[in-house]
Amino acid sequence: MVKWADICLPKDRGGLGIPASRRMNVALMLRWVWRILRGDGGCGCSWLSPSTCRANPSWLAHTRLG
């Protein structure tokens with residue numbers, strides 16, 4: 001068995017160069033948050049206004065990195 005952390009290492013360090021899925025997921029979710037707060041979140045986020053997000057940021061709480 002090989003540890004997932006070893007697989008996610010760069011190829012020059014003995015890994016396969018696969019990005020860590022949890023980190024990539026958090027990064028992509030934060031990108032959507034940034035786009036929503038800037039006002040260009042796309043059609044799927046048109047119902048959520050930036051003022052609502054700033055007034056009630058509880059939907060961003062409890063995000064754990066790691």
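Visitor: Among the elements of this protein, which helix has the lowest mean pLDDT and which the highest?

Guide: This is a predicted model, and where pLDDT is low, the predicted coordinates should not be read in detail. Here helix α3, residues 50-55, has the lowest mean pLDDT of the elements, at 56. The highest, 90, belongs to helix α1, residues 4-7.

Visitor: What is the mean pLDDT of the protein?

Guide: The mean is 76, and 61% of the residues reach 70 or more.

Visitor: How many helices and how many strands does the secondary structure contain?

Guide: The protein has three helices and zero strands. Read from the N terminus, the order of its elements is therefore written α-α-α.

Visitor: Is Ile 7 buried or exposed?

Guide: A residue is called buried if its relative accessible area is under 20%. Ile 7, which lies in helix α1, has a value of 18% and so counts as buried. Of the 66 residues of the protein, 12% are buried.

Visitor: Which residues does Ile 7 touch, not counting those up to four places away in sequence?

Guide: Ile 7 touches Val 2, Gly 15, Leu 16, Gly 17 and Ile 18.

Visitor: Where is Ile 18 placed, and what is its relative accessible area?

Guide: Ile 18 is found in the loop between α1 and α2, the latter spanning 21-38. Its relative accessible area is 35%, so Ile 18 is described as partly exposed. Leaving aside neighbours within four places in sequence, Ile 18 is in contact with Trp 4, Ile 7 and Cys 8. From Ile 18 to Trp 4 the C-alpha distance is 9.5 Å, and the two are 14 residues apart in sequence.

Visitor: Among contacts between residues at least 6 apart in sequence, what share joins residues at least 24 apart?

Guide: That share is 14% in this protein.

Visitor: How many aromatic pairs are there?

Guide: A pair of aromatic rings is described by the distance of the centres and the angle of the planes. In this structure the count of aromatic pairs is zero.

Visitor: Which residue lies over the face of Trp 32?

Guide: Arg 35 does, at 4.9 Å from the ring centre.

Visitor: What does the accessible surface of the protein come to?

Guide: The total is about 5,700 Å², and carbon and sulfur atoms account for 60% of it.

How values were computed:
Residues are numbered from 1 along each chain as its sequence is written. This is a predicted model: local features need pLDDT of at least 70, side-chain atom pairs count only at pLDDT 80 or more; totals for chains, interfaces and linings use all residues. Side-chain values use heavy atoms; hydrogens and water are left out. pLDDT is the predictor's confidence in each residue, from 0 to 100. Helices (H or I, at least four residues) and strands (E, at least two) are DSSP runs, numbered from the N terminus. Rings of Phe, Tyr and Trp (its six-membered ring) pair if their centres lie within 6.5 Å; planes under 30 degrees apart count as stacked, over 60 as edge-to-face and the rest as tilted. A charge sits over a ring if NZ of Lys or CZ of Arg is within 6 Å of the ring centre and within 35 degrees of the ring normal. Buried means under 20% relative accessible area, exposed over 50%, partly exposed in between (1.4 Å probe, protein chains only). Contact means heavy atoms within 4.5 Å. Accessible areas come from the Shrake-Rupley method with a 1.4 Å probe; for residues, only the protein chains shown count as cover.
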